[in-house]
Amino acid sequence: MFWHPQGFSITLLTEERSATERHNSIQSHPMKHSFKLILLCILWCCCTHLMASHPFQIRAFHLDFRTQVMTVEAIKSLATHLSGEGINTLVIEYEATFPFRENATLSNPYAFKESEVKDIVDHCTELGIDVIPLQNCFGHAEYILRHERYAHLREDNKDMSQVCPSEAGRAVEVFRSIFADIARLHPSPYIHIGADETRLLGHCKKCQGKEKSQLFADYLLAMCNIVKSLGKTPIIWADIILKYPDAIDQLPKDLIYVDWNYGWNPNHFGNLDNLIGQGAFMWGAPALRSHPDNFYQIDWMKHFRNLQTFIPFAREHHYQGIIETSWSTSGQYGYHYENGFEVQSIQPIRQVYPMIGCQILIDAYCQALRQENPLDIECFIKDYGKEKFGLDDTEATAFLKYFTEGTPLLIEPHKNRKEFAHFRLLYDLSRTQERYRKALNRLESPEFKADQRKVMATEIRDIYRESQRLNQRLRKALKGYLKEGCIEEIIRYKDERLEEILRSL
């Protein structure tokens, strides 16, 4: 039997005969058996080639619903596309969009219905895609800890991003319920429990003086035990245990570590050999959207280069899985407090242009997984322009310069105009943002005086009008992809400071 990484196998059926019978058969039909051997060799070579170009057992794509919530139909459409490109796993970070039962306090206005989650999972299952839920339980827990119901778990009452590891006992009570709720709707053998960027480790009085690696390991062990009691295998991001590795040996041997690397030195967080050397289960994770991306620009070449270098690295180090992450925000938040430090609302620090505008990076990831050699970035971009938009050689070169040099797109696509419109919209957003930043710098300079207010107000008003025109294009571009209320919230966030300045002038 020959196994193909996309899920099918080739089996050669043979008769069960004695050694003498097989010997006599070969002597009687030498040409027939030579043909079988040749066929066997051809099949083996083909399958070996496929395994070389697709060695990752898990080929995953990450969806981040913290600030940008896709519609069910958009999720299903993306899953269908990804399945055709060889992706076999979705990692969904629901946060407050999950329809919690016992912890219903957590669900926000954009939360899916249970029937919708089932629809997504069932659709993916039919495509051969496993849906792994990602549920943060340590760092990045703002959406939980902002609520008074869970205030007893906070590491800090002002920065409520992290659960206090010294409160592991009480945290187990909460997360046993949360993990069970999520596991109920996800048949996947895995639950990703986060555990990255626990920046406040050892911060509070209960934790001060304790060894950080031990703090981290003790708490993670408690969370892993919950996951394992549900019959699941836990997954965590690898950054913190790499930074504080002393207690690595105390973590479960079947724990999966995800080495997220967005273009830096392999030992950026700590010595990778501390995990690889002990035979840990390793997955890798490049990024489609991450720092310094924002709503006005994507650092395209950073992400292309990340795919070009990190995927070969993950292959070379025999990582069992790979996840393309796509972050809608920095993962850090500002808080609106009232009545002491009671949280009224939280606002993401830095939003990123929605993923619908990054289809070229999605397909680049899939292509990088399919081929043995590192991604040829310029060749891929030009070929993408030709195949997706019907561009000729000259137009494809101009298309390439949009990504490499940031030049405007003066060419016209011959097909797939909706996707192409996102590139133009991003360019126009960046130019308007540039105008705004220049005006803001003058407004904030010591040279700005009262007699300049009228001129400044005229300029800001003109920028605001242009922003409103862009908002109409945004609504059209995102309709059906993000939930409607979510689109309006993004626009409010984008224009908040501009509107404040206009009112003050």
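Q: Which side chain meets that of D393 in a salt bridge?

A: A salt bridge is a side-chain nitrogen of Lys or Arg within 4 Å of a carboxyl oxygen of Asp or Glu. In this predicted model, the side chain of D393 meets that of K386, at 2.6 Å from N to O. Local features need pLDDT of at least 70, side-chain atom pairs count only at pLDDT 80 or more, and totals for chains, interfaces and linings use all residues. Residues are numbered from 1 along each chain as its sequence is written, and side-chain values use heavy atoms, with hydrogens and water left out.

Q: Is D393 buried or exposed?

A: Buried means under 20% relative accessible area, exposed over 50%, and partly exposed in between (1.4 Å probe, protein chains only). D393 is exposed, at 51%, while K386 is partly exposed, at 31%.

Q: How many salt bridges does the structure hold?

A: There are 27. In one of them, R101 and E114 meet at 2.7 Å, N to O. R101, E114, D181 and R184 are linked in a network of salt bridges.

Q: How many residues does the largest nonpolar core have?

A: A nonpolar core is a set of buried Ala, Val, Leu, Ile, Met, Phe, Trp, Tyr and Cys residues joined through side-chain atoms within 4.5 Å. The largest here has 135 residues, and W300 is among those with the most contacts inside it.

Q: Which residues does W300 touch?

A: Contact means heavy atoms within 4.5 Å. Leaving aside residues up to four places away in sequence, W300 touches G357, C358, I360, L361, Y402, F403, F423 and L426.
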